[in-house]
Structures are given as C-alpha cells and as structure tokens.
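Student: I'm new to this one. Could you walk me through how to read it, a feature at a time?

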Amino acid sequence: MTDEEKFFAWLDGELDAAQAAEVEARVAADPRLSRLADQHRALGAQLRGAFDPIAAAPAPERLQAALPPRAELVDFAARKRARMPSLPQWAAMAATLAVGLFVGTMMPQRGNAPLEVQAGKLYAASDLSRALDTRLASAPAGDVRIGLTFRAKGGEICRSFVGPAASGLACRKDGRWQVRGMFAAPEGQTGNYRMATGMDPNLAALVGSAMAGEPFDAAAEKAAKDKGWR
Amino acid sequence: MDQPSSFESQLAELLPRLRRFAHGLSRDAADADDLTQAAIERALNSRDQWQPGTRLDSWAYRIMRNLWIDTVRSRSRKAAHEAPEEEGLNVGEDPRNRMDESLDLKRIMTAMERLPDEQREIVALILIEGFGYREVSEMLGLPIGTVSSRLVRGRTALLAMVGER
C-alpha cells in the first residue's frame, strides 16, 4: 500500500488499530493532510447527500411489480438481530464450546486460541488475555482493540474489546479475564473490521446491563491497570 | 428453513439500495431504472444460485454490476452524456436562487458521470453504498490493491472536479 492509499484506507476505517494510530499521528502532525482529510470527508458526505435521496424515494412501479409489496415485509433488521449469535448465557457449556471453536477458527492465530474453557467457564487466553491485561483504549495496538473499561455491579472490573472477527466483554475474576459474552463481527467484516463501526448492539446491551455507574476515563483506566485490575 | 417468500422479500428490501447503485453506475436516470429492473429480474431468475447464509446484497449488487458491464460493452460509443433528470434532484434552471447545497449536489453528480467506469463503480460501492474494501474486492473479483488504487484515483479526480468553479 502506498502512503496515499494508506491515508485513504485510514479515512475509510479500513486499517487495523496499529496502522490507524500511525496514520492518525501523521495526519495530526501535517496540516496539509488534515485539510485533505476534511475535504474528502466532505466529499463523501456530498456523494451520499446526492445519491441517498434516490434510495429514499419510492421506486417506479415497474420496478416493484416483480416483488412483494414492501408493506408486507417482515422487519428485516429485527430478523437479522434474531439470527445473530447472541449468547449472554455462558453457563450453557455446549454454547460456550461452540463459540470457543468458532472463534478459535475465525481469529488469526499466532499460536494459541484466544479463548480457553475451564469448568464450563470461558476465559481469555494468549493475545486476547495480554491485550486485556496491558492495553489502554487510548493507545490501541495489535489486533485487539479495547473499548470501554468499567466496574460491574458485582464490583469486578470489566473491559469490552474488539478483535478481527468478534467483539466481546471480559471481566476480571480471580486474576483472569472471564469472557462474559462474545459476538461475531457482521458477515463480510471479518478480518478487516472497520474502525468507524459502532459497538455491536448485542455487546452494547450486555455492557449496559453489567455496568455500575460510568465507564472509566483514561486516567481511571490507567490507574486500574496499575493496580492490577482489582 | 426454505421460505419461498423470504428471498423475494429480502430482494424487495434491497430495491432502494440497488436503485441508488444503478444511478451511481449509469450516467442517465432512465438507464438506471432499466438496469435496476434487469437486475431484479436476473436475481429472481437466478435465485437458485444464491447460497443462503451468504450476503444477498453483495450477490445482487454483483448481478447488477455485471449487467451494467455488459450494457456498457455492447453499446457503441455514441453515448450522449446527459445529466440525470432525476426528479427531486434537479437543481433548476436558475442556480442563482438556489442554495449552495443544491449546486454541490449537481456538481458532484456531474463529476461522477465524468469518472471512468472502473473508478465510478468502486467509488459508488465504497463511498455511497458503504461496502468495505474486502467486500468490494470479493464482489468484483479484483485484488484489494486494485480496489484501493482505483478508489484513490476516483475520489481524487472527484475532489478536483467539484473544486472547479
């Protein structure tokens, strides 16, 4: 990738966290690049502004003739949500194993799987465990990006994370990161997740139900890390 | 699992997006709707070739794009390039009374029409339709580096054109 392609890939949310941080620093330090980034963001907004009304307008009747009327349609978004793997119940051993295997095959490996199962509970391992131990949201690096860090209603510290194929929530339990939930990235985004994409709605719901109070700010996150996530 | 109506319903759900893509590809509104109709018909007739569990949108977009390529190839280079006369998008005859915003819309659509086909399809898929580079690379059967470099050229040319006054 040329520097120019990398710049645009960054703008489009196509880079992994480490590369994105590098380009971001380069852009921040260069007013010419910052301006170019603004111009291209505006260009994208203009393109969407010009073409979105076509999607918003009713299609001519001849185009709809071959298809069922849209009024009869089921709520596609809702059905899609229902189809998504949604597994907040980690007590179910079978489900845990299935997801462990699934994630094990989906995540890029440099050795060990990112998850391990013990006594029916799922724990972060290898790269994922290291990322949860050491990384701060403010300093993304590697394949796993940390999202929110907060204290759960049970008093333990939890962190949300985004990997190349899945995002999830892990909480500190007896010196390890117990995975409370993990959700596959939308199809087509695996291995190349987009920075611009918001949190998976299932993960957001899980985080919302687990969190007591507010998420940590950068200083609180750092302090919690220094204290060993206790 | 086999619900005969769900394929058609999902396709109907995609219609507005497919139509927007057709307008991104074609230089002419009537052509765009012809292309949309042809793509819907082809998708309905080829439904057996769609694999449930894969993305219907990518599949349908690919059908549309291939039809469009066929049309472009079979057409002689006469192509009188008229600006799309899309209702609701017209800027009107007297731009002095219009908002800058409408001028921008007109300018950006004209600029899109002037892009080479192979850049325009990629600009449309990524910047308008919101697909990722990898999705587009798979959809079009192009190396991701080709997608990325055509996108750079296309958007750079667009910016230069809309910057012209």
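Tutor: Let's start with one residue. Thr134(A) is exposed, with 12 other C-beta atoms within 10 Å. The cut-offs: a residue is buried if 20 or more other C-beta atoms lie within 10 Å of its own, exposed if 12 or fewer, and partly exposed in between, with C-beta atoms placed from the backbone. Thr134(A) sits in helix 7 of chain A, and its C-alpha atom is separated by 9.7 Å from that of Lys222(A), 88 residues apart along the chain.

Student: What should I know about the numbering and the model itself?

Tutor: Residues are numbered from 1 along each chain as its sequence is written, while chains are lettered from A and ligands numbered from 1 in the order in which they are written. This is a predicted model, where local features need pLDDT of at least 70, side-chain atom pairs count only at pLDDT 80 or more, and totals for chains, interfaces and linings use all residues.

Student: Which helices and strands does each chain have?

Tutor: Helices (H or I, at least four residues) and strands (E, at least two) are DSSP runs, numbered from the N terminus. Chain B has seven helices and zero strands, giving the pattern α-α-α-α-α-α-α along its sequence. Chain A has nine helices and six strands.

Student: How do I read burial and contacts for a whole chain?

Tutor: For burial, take the share of residues that count as buried: 38% of the 165 residues in chain B, and 31% of the 230 in chain A. For contacts, two residues qualify if their C-beta atoms, placed from the backbone, lie within 7 Å. Looking at contacts with a separation of 6 or more, residues 24 or more positions apart account for 65% in chain B and 48% in chain A.

Student: Which residues touch the most other members of the largest nonpolar core?

Tutor: A nonpolar core is a set of buried Ala, Val, Leu, Ile, Met, Phe, Trp, Tyr and Cys residues joined through C-beta atoms within 7 Å. The largest one here has 53 residues, and Ala60(B), Met64(B), Ile126(B) and Val136(B) touch the most other members. Its largest share, eight residues, comes from helix 1 (residues 4-25) of chain B. Leaving aside neighbours within four places in sequence, Met64(B) is in contact with Leu18(B), Phe21(B), Ala22(B), Leu35(B) and Ala39(B). There is also a second, separate core of 29 residues, which includes Leu122(A), Ala124(A), Ala166(A) and Cys171(A).

Student: How many residues of each chain are in contact with the other?

Tutor: Here 38 residues of chain A are in contact with 44 residues of chain B. On the chain A side, helix 1 (3-11), helix 3 (31-56) and helix 4 (61-64) each supply at least two residues; helix 3 gives the most, with 13. That side divides into 20 nonpolar, nine polar and nine charged residues. In this count, Ala, Val, Leu, Ile, Met, Phe, Trp, Tyr, Cys and Pro are nonpolar, Asp, Glu, Lys and Arg are charged, and the others, Gly among them, are polar.

Student: How do I read the two sides of a helix?

Tutor: An α-helix has 3.6 residues a turn, so residues three or four places apart point the same way. In helix 8 (residues 201-210) of chain A, Asn202(A), Leu203(A), Leu206(A), Val207(A) and Ala210(A) are buried. They cover an arc of only 135 degrees around the axis, which puts them on the same side of the helix; the arc is that of the directions from the helix axis to the C-beta atoms. On the other side, Gly208(A) and Ser209(A) are exposed. The buried residues of helix 8 pack against strand 3 (145-151), strand 4 (157-162), strand 5 (166-173) and strand 6 (176-184) of chain A.

Student: Where in chain A is confidence lowest, and where highest?

Tutor: Where pLDDT is low, the predicted coordinates should not be read in detail. Chain A has a mean pLDDT of 76, and 75% of its residues reach 70 or more. Within chain A, confidence is lowest in helix 5 (residues 76-83), at a mean of 41, and highest in helix 1, at 94. Over residues 104-110 of chain A, pLDDT stays under 50.

How values were computed
pLDDT is the predictor's confidence in each residue, from 0 to 100.
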